[in-house]
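Here's a quick walk through a few local features of this model.

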Amino acid sequence: MSRIAYVNGSFVPLEEAKVSILDRGFLFADGIYEVSAVLGGKLVDNDSHLLRLQRSVGEIALPLPETLDRIKAIQKELIARNNLVDGLVYLQVTRGAAERDFPFPKEVTPTLVMFTTVKDIINAPAAKTGIAVKTVPDIRWERRDIKSVALLAQVLAKQAAAEAGCQEAWMIEDGAVTEGGSSSAFILTQDDVLVTRQNSNAILPGCTRKAVIALAAERQLRIEERPFTVAEALAAKEAFITSASSFVQPVVRIDGQAVGGGKPGPVAARLREIYVEFARATAD
């Protein structure tokens with residue numbers, strides 16, 4: 001059976017889902033996206049993602065074509081129509097279709113599309129083996145806090161990582177790690193302090209990052225929100241990434257050098273367990 005997608009008010013087979021070639025998301029990357037995880041047919045931490053969506057569209061003066069409640073209802077119907085048990089729901093809103101011109105068009109209806117992907121996040125092998133990371137220069141624009149569909153810099157970063165046999169890229173600016181190509185970056189120092197870069201225009205405010213920080217704080221883990229260098233990461237006890245599509249995943253190698261003996265550490269493993277417990281308990 002074909003997957004079902006949502007396009008501007010209609011649920012259609014994925015192969016029939018289409019938008020105009022004049023859509024500004026296609027022509028200018030004039031749009032915002034979100035990805036929410038699904039466990040047991042329920043959305044994980046979805047309200048956090050929808051609030052970030054609302055903030056991102058507000059930063060570029062892009063009106064949502066539906067209320068957040070209606071968007072959530074569409075997500076849930078899409079999950080049901082696709083019989084999705086574990087996976088992801090992708091959502092994208094653009095400024096809509098209009099003749100190609102740089103300024104915002106007048107009287108245009110925003111485009112809203114959604115689709116689902118099957119993914120077994122819980123049993124991902126990398127959660128047990130850890131992943132390798134390649135560092136690359138951060139060449140992105142200065143408003144990385146906006147979850148823009150303009151992802152060419154991240155595509156190039158992740159391609160460089162893939163060509164090096166790595167599963168993620170860490171982007172470097174002014175000697176410090178900003179974030180991963182599609183994840184937030186953490187280290188655990190030798191004195192057991194969790195370090196991750198503070199939210200600012202330099203990084204995306206990760207929803208999973210936010211939840212993991214809160215869960216760690218509840219368990220009295222020490223946390224510092226500040227930049228860290230690659231040298232600090234290599235000297236750390238542990239390193240890991242967080243994202244909606246991977247939850248918590250250990251990093252065991254950076255640029256070919258081992259982190260923490262080259263094996264996943266107990267803190268990352270425990271934080272993953274705690275996050276999964278949180279995800280299952282709060283999914284709706």
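## Salt bridges

Glu224 is partly exposed, with a relative accessible area of 36% (partly exposed lies between buried, under 20%, and exposed, over 50%, using a 1.4 Å probe and protein chains only). Arg226, at 24%, is partly exposed too. Their side chains meet in a salt bridge at 2.7 Å, N to O; the term means a side-chain nitrogen of Lys or Arg within 4 Å of a carboxyl oxygen of Asp or Glu. Elsewhere, salt bridges with shared partners tie Asp138, Arg140, Arg144, Glu173 and Glu179 into one network. Within that group, Arg144 and Asp138 pair up at 3.4 Å, N to O, and both of those residues are buried. Search the whole structure and you get 20 salt bridges.

Another pair is Arg209 and Glu225, whose side chains meet in a salt bridge at 2.6 Å, N to O. This one links distant parts of the chain: Arg209 belongs to helix H6 (residues 207-218) and Glu225 to strand S12 (residues 222-225), 16 residues apart. Helices (H or I, at least four residues) and strands (E, at least two) are DSSP runs, numbered from the N terminus. Arg209 is buried at 3% relative accessible area, whereas Glu225 is partly exposed at 42%.

## What the model is

This is a predicted model, where local features need pLDDT of at least 70 and side-chain atom pairs count only at pLDDT 80 or more, while totals for chains, interfaces and linings use all residues. Residues are numbered from 1 along each chain as its sequence is written, and side-chain values use heavy atoms, with hydrogens and water left out.

## H6 against H8

H6 also packs on helix H8 (residues 266-282), at an angle of about 105° and with the axes 10 Å apart. Axes are lines fitted to C-alpha atoms, for helices over the stretch in contact, and angles run from 0 to 180 degrees between N-to-C directions. The two helices are therefore roughly perpendicular, a label for angles of 65 to 115 degrees.

On the H6 side, the contact (heavy atoms within 4.5 Å) uses Thr208, Ala211, Val212, Leu215 and Ala216, and H8 brings Leu271, Ile274, Tyr275 and Phe278.

## Thr94

Thr94 sits in strand S5 (residues 87-94) and is buried, at 2% relative accessibility. Leaving aside residues up to four places away in sequence, Thr94 touches Asp23, Gly25, Asp30, Gly31, Leu62, Pro110 and Thr111.

Technical notes. Angles under 35 degrees count as roughly parallel, over 145 as roughly antiparallel, 65 to 115 as roughly perpendicular and the rest as oblique.
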